[in-house]
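Please look at the sequence and the model below before reading on.

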Amino acid sequence: MATELPAADGISRIVGFALELDRLKAVERRTKPLGLDRYENSAEHSWQISILAILLARYSREAVDLQRVLEMLLVHDIPEIDCGDQFVYARDAAAVAVAEARAAKRIFGLLPPGDGGSLLSRWQEFEDRTSPEARLAHAADRLMPVLQNLYGGGQSWRENAVPVERVRDLVREALADTCPEVWDFVAPLIEAFFAQGSFPE
């Protein structure tokens, strides 16, 4: 059983962790916010998909504890402080997993043991995707960049020469079983985009 830290030590470690999170705002992703000529950062992404998950929860095939979903989404990209954003369409999943696990242990280890262990557990749950909550969190994480591409001229797809098959497969894997109605909505949009070269009016 972890020993309780003196209050001042516990608060000091929480403050240190919160300040470390500022570094997530400097991690650039590959997608630009709609209408802006800059790349979004990982902190913005985490916030946006958290809101998206709140609104998609009703479409989850399985009942979910929404607080648990939000906890996962708020911590899932924290290891990018050390590792940077790994473009989902062109990454070495095994190597990324090892690097991000190391980073997660370091960063969550800044916290008092109980808090750090709890957040690390949520991060690992997201990575494992074995719970309904993790599957919904993963669906929101995959869906938002797709929507940004569909409604933003395919910016990151074009810049990185992403083929339709790669987009389709990754989005289907995340959405088809978890939120089938959402998959039914977005799948034809993906096909139409790649067939016509731009989002259909």
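Helix α9 spans residues 164-175, and its 12 residues reach 16 Å from the first C-alpha to the last, close to the 16 Å expected at 1.5 Å a residue. The expected span is 1.5 Å times one less than the number of residues. Helices here are DSSP runs of H or I with at least four residues, numbered from the N terminus. The buried residues of α9 are Val164, Val167, Leu170, Val171, Ala174 and Leu175. Seen down the axis of α9, these residues fall within an arc of 145 degrees, so they line one face of the helix. The arc is that of the directions from the helix axis to the C-beta atoms. Buried means under 20% relative accessible area, exposed means over 50%, and partly exposed lies in between, with a 1.4 Å probe and protein chains only. The buried residues of α9 pack against α7 (132-150), α8 (155-159) and α10 (180-196).

This is a predicted model, in which local features need pLDDT of at least 70 and side-chain atom pairs count only at pLDDT 80 or more, while totals for chains, interfaces and linings use all residues. Residues are numbered from 1 along each chain as its sequence is written, and side-chain values use heavy atoms, with hydrogens and water left out.

Helix α5 (residues 93-108) has 16 residues. Its buried residues are Val96, Glu100, Ala103, Ala104, Ile107 and Phe108. They are on the same side of α5, because they cover an arc of only 110 degrees around the axis. The face turned away from that buried side carries the exposed residues Ala94, Arg102 and Lys105. The buried residues of α5 pack against α1 (7-21), α3 (66-75), α4 (80-83) and α6 (113-128).

Now turn to the loop between α1 and α2, where Thr31 is found. Is Thr31 buried or exposed? At 4% relative accessibility, Thr31 counts as buried. Not counting residues up to four places away in sequence, Thr31 touches several residues, including Tyr39, Pro145 and Ser156; contact means heavy atoms within 4.5 Å. Ser156 lies in helix α8 and is buried, with a relative accessible area of 1%. With sequence neighbours up to four places away again left out, Ser156 touches Arg30, Thr31, Phe87, Asn149 and Val162.

The last stop is helix α2 (residues 42-56), which holds Trp47. Trp47 is exposed, with a relative accessible area of 55%.

Notes. Helices (H or I, at least four residues) and strands (E, at least two) are DSSP runs, numbered from the N terminus.
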